[in-house]
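Here are my quick notes after going through the model you sent. Have the viewer open while you read.

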Amino acid sequence: MSEPCVCAELQENPQAQFNLLHQIIQDYEKRESNLIQILHLAQALFGYLSEDVLHFIGEEMDLPLSKVHGVVSFYSYFETQPHGRHTIQVCLGTACYVRGGTKVLDNLKKALEIDIGETSSDGRFTLAVKRCFGSCGLAPAISIDAVVHKRVNPNQLQDILNQYP
Ligand code: FES
């Protein structure tokens, strides 16, 4: 019989996550050149790099927090905010832009009370923009997770959002 996966258990136990991060840093040695790799692993472990995680890494690696912050802010793939359960991407490619993509984006910002790159307070949605899903003939388009919604009516976005608990 195979071992049960420990990931879910780990996610509900921050102390266990920090213990594992401590072990990762020990395994990599406290060298500044390993910082990026350790940040990647920390993001995979926690889902995003909170201030607590950045503090912990700085202290464990004997690096100033400003150094850790500098690396995190330089690379766009590091995330310092938790992700929502669903990711909305609003297409702002040429066809969607011309056919009301910005109105869709503005209305989503208002409905969710967030800006691009942010997550709604209920943790449901993270908002992003993208250039072209290849559905230009049916613009404007948005995607939510893996589903592309086409010919989106900017005044009926709630109907779409309601499909995602
Ligand atoms: S420009 Fe939006 S799908 Fe192509």
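1. One definition before we start: I call it a polar contact when two N or O atoms sit within 3.5 Å, and within protein one of them must be able to donate a hydrogen and the other to accept it. Keep in mind too that this is a predicted model.

2. Go to Glu-60, which you'll find in helix α4, residues 51–60. What is the nearest side chain of opposite charge? That's Lys-30, 5.9 Å away. A salt bridge needs the Lys or Arg nitrogen within 4 Å of a carboxyl oxygen, and Glu-60 has none, although the residue is buried.

3. Glu-60 does have a polar partner: its side chain and that of His-22 are joined by a polar contact of 2.6 Å. Setting aside neighbours within four places in sequence, the residues in contact with Glu-60 are His-22, Ile-25, Gln-26 and Lys-30.

4. Now the sheet. It is open, with 4 strands in the order β2-β1-β3-β4 and mixed pairing. β2 (125–130) and β4 (147–149) are the edge strands; each has a single partner strand, so one side of each lacks a neighbour in the sheet. From one strand to the next, the twist averages 25°.

5. For a closer look at one pairing, take β3 (residues 142–144) and β4: they run antiparallel and are joined by 3 bridges. Among the residues involved, Ser-143 has Val-148 in β4 as its bridge partner.

6. Last, helix α7 (residues 101–112) packs on this sheet, where it touches β1 (86–91), β2 and β3. The direction of α7 makes about 150° with that of β1.

Key
Residues numbered from 1 in each chain as written. Predicted model: local features only at pLDDT ≥ 70, side-chain atom pairs only at ≥ 80, totals over all residues. Heavy atoms only, no water. Helix = DSSP H or I, 4+ residues; strand = E, 2+ residues; numbered from the N terminus. Buried < 20%, exposed > 50% of the residue type's maximum accessible area, 1.4 Å probe, protein only. Lys, Arg positive; Asp, Glu negative; His and termini not counted. Contact = heavy atoms within 4.5 Å. Pairing = 2+ DSSP bridges. Axes fitted to C-alpha atoms, helices over the stretch in contact; angles between N-to-C directions.
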